[in-house]
Amino acid sequence: MKNRQISAFIGLIIAAIVTVMSVGCGNKNDAVSQAEKRDTVAGIPVPSIEETKAIAEEGFIYGLPIVMNYAVMYDYAIDRDSGQFKAPFNKINNEARVFTYKDTTVVSPNSDTPYSIVFMDLRSEPMVLSVPAVDKKRYYAVMLCDGNTFNYGYIGSRATGNEAGDYMVVGPNWQGETPVGIKKVFRSSTQFSAAIYRTQLFNAADMPNVVKVQSGYKAQPLSAYLKQPTPAAAPAIDFPKVNKEMVKTNFFEYLSFALQYAPAGPEENAIREKLASIGIGPGRKFDFKDLSAEHKAVILLAMKEGEEKIEKMAANGGKDFNGWRVGGLAGGDRAFFNGDWLKRAAVAKAGIYANDSIEAMYPLTRMDSQGEILDGSKHSYTLTFAKGQLPPVNAFWSITIYDGKTQLLIENPINRYLINSPMLPGLKKNADGSVTIYIQNKSPGKSKEANWLPAPNGPIFMVMRLYWPKESPPSILPPGEGEWKPPGIILAN
C-alpha cells in the first residue's frame, strides 16, 4: 500500500455502500459479534449499530497515522520486493540523492535534503545512534518518530548542535541504565520506530560532501556499542502484507496488528476501550469479509465520513494568510497532540513525518491570493518576495510544488521540483531587489527560466518549508501568530 492509496480507496468505498442498513447480522463468529458476546458475558452494554458506526469513525481517525506508518515501514524495511525497500530493521539506508517523481510511498515528500532512514526494532534491546561532527554551516536533523507518529526527540543542528555524539533510543518498556558516553536517551512509545535524517544539500555539486556526512551516521544495537554478548532475539513476526486491495476493507486488521506493539498511553485508554467493544484491538483478527452485511455497511460509511473529516481538517488547519494555511499541520510528541486524533490524522494526511514547528514550519496552499484553486492547466502564476522579506530562518527555506491530486512530485522537463534559498545566487532579481518565482506548466521563456517552478497540467498543491525558523521578529513563530506572513500567489494571465 502506498499512502496515496489510502485516499484512493475511499472513492471505491462509496460505491460499496449499497447494503440496506436494516439487514440483520449474518456470521455470528465475526469480530463484532464476538465482541458483543464478550460484552454480554461481562455485563457491559453492547454498542448499537449507530454506536458501532461512531466508534469505527473515531477509530479510523485515530488509526490512520498508525496504519500509514505501518505501510511505509512495510515498504521500506520489510518487503524487499516493494520497489521502495531501503534496508532491513536496524540498518541505516543513506540516499545520495533527493526525492523525485519516482518516489511514491510518502505523500508531499521533501526534495530539499537527501534522506537517511533507519527503522528500529526495539523489542530485544535499545539502539545507539551515532552522528559525526558536521560543519556548522550545514544544517542536519535526525527526527525520531514512532509508530504513533509522535516525534519523540531530535538530534541535530538545532536540538543538540553539530558536534559528534552517541544517543540511545529505547522501547516503551526498557528499564536499563544509561551507559557512559551516551549523551541522551530517547524513549519511543512503540516497539518499532524510525529515525529520519535530513542533511542539507547546497547544490548538485555538493552531493559528495553530503555523502561524507551520511557515512558518519551509525546505528547499532546497544550490545554491539558496549561490545557485549547479543541478547536473545525477539520472536519472529509474520508481518501482514500491505496492498491496495487489502486496505480497501481490512483497515482495522492492520490497525489491530500495529497496536500490539504500541502500549496504550493514558489518553488512549478511552478509544482503545471503544474499539475493543467492536472487536478491534492489539493482535485481534478483524476480517471485513466475515462481518454481517449491516456491519459491513456501517464500517465502510464510518471510514468514508472519517476520511472526509480528516480531509477538511488538513485543508483548513491553521490560519489563512494570503491563501496559505499557516500553523495547523506541524508534527509533535504525545503531549503536543494530547489525544487530538483528528489533528494527528490531518498532519499525517498532509505529509506524514512532518517536523515539530520549532524544527520546521510548513505553510501550504492549493489557492491563489484571491481564494481560487490553483490549476496549471488553466493559468500561470507568480510568487514574489519583496526585498528583505525572504522567509526568516536559521537554516534554509524552500517552496515545493506537487500534483494537487496525489500530492506527489511532478515529472517535468528541467527536473526541478522546488526553489530554495541555496538557489538564490542563481535566481534573477527584479529591479527593486524583489524575487519573483514563475509557477506555470510551460516555460516562461529563457530569460525567466532560472526562476521557473514547473507546475502540473492540472491542480496544484504547494508547500513552503522553513527549516529551523527564527524565533526573533520578524518570525513565523508562534505558529499562525508570527509577524512574518508568506506572500500570496498571484494569477499571471
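Analyst: One term to start with: a cavity is a set of grid points where a 1.4 Å probe fits but cannot get out, and its lining residues have an atom within 4 Å of a point. Also keep in mind that this is a predicted model.

User: OK, which element gives the most to the lining of the second largest cavity?
Analyst: That's α3, with four residues. The elements that give two or more residues to that lining are α3 and α7 (251–259).

User: Which residues line the second largest cavity?
Analyst: Ile66, Asn69, Tyr70, Met73, Gly147, Thr190, Phe192, Phe239, Phe257, Ala258, Tyr261 and Ala262. They split into nine nonpolar, three polar and no charged. The space inside is about 150 Å³.

User: Tell me about Tyr70. Is it buried or exposed?
Analyst: Tyr70 counts as buried, because its relative accessibility is 3% and the cut-off for buried is under 20%. Tyr70 belongs to helix α3.

User: And what does Tyr70 touch?
Analyst: Leaving out residues up to four places away in sequence, Tyr70 touches Phe239, Pro240, Val242, Tyr254 and Phe257. Phe239 and Phe257 are also in the lining of the second largest cavity. Then there's Gly147: Tyr70 and Gly147 are 77 residues apart along the chain, with their C-alpha atoms separated by 7.3 Å.

User: Now the largest cavity. How much space lies in it?
Analyst: About 340 Å³. Its lining has 26 residues, and Ser108, Tyr115, Arg198, Ile352 and Tyr353 lie nearest the centre. By type, the lining divides into 17 nonpolar, five polar and four charged.

User: Which elements supply at least two residues of that lining?
Analyst: Four names here: β2 (115–121), β8 (192–199), α11 (341–351) and β19 (460–467).

User: How many cavities of 30 Å³ or more are there?
Analyst: The count comes to six.

User: What about pockets? What volume does the largest one have?
Analyst: The largest pocket has a volume of about 480 Å³. It is lined by 18 residues, and those nearest its centre are Val98, Leu201, Asn203, Ala204 and Leu418. The lining residues divide into 10 nonpolar, five polar and three charged.

User: Switching to the nonpolar cores. How many residues are in the largest one?
Analyst: The largest nonpolar core has 78 residues, and Phe119, Phe239 and Phe252 have the most contacts inside it. Helix α3 (residues 49–78) gives the most to this core, with 16 residues. Apart from it lies another core of 29 residues, among them Leu383, Val393, Leu477 and Ile489.

User: Gly59, got it. Where is Ile271 found, and what does it touch?
Analyst: Ile271 sits in helix α8 (residues 269–276). Setting aside residues up to four places away in sequence, Ile271 touches Glu58, Gly59, Tyr62 and Trp341. Ile271 counts as buried, because its relative accessibility is 2%.

User: Last one: what pLDDT does the protein average?
Analyst: The average is 91, and 93% of the residues score at least 70. Over residues 1–26, though, the pLDDT is below 50, and that stretch has 63 contacts in the model beyond near neighbours in sequence.

Terms used: Residues numbered from 1 in each chain as written. Predicted model: local features only at pLDDT ≥ 70, side-chain atom pairs only at ≥ 80, totals over all residues. Heavy atoms only, no water. 1 Å grid on protein atoms, 1.4 Å probe; cavity = no way out; pocket = protein on both sides within 12 Å on 5 of 7 lines; lining within 4 Å. Points joined across faces, edges and corners; volume = space filled by probe spheres on them. Nonpolar A, V, L, I, M, F, W, Y, C, P; charged D, E, K, R; others polar. pLDDT = per-residue confidence, 0-100. Contact = heavy atoms within 4.5 Å. Core = buried A, V, L, I, M, F, W, Y, C linked by side-chain atoms within 4.5 Å. Buried < 20%, exposed > 50% of the residue type's maximum accessible area, 1.4 Å probe, protein only.
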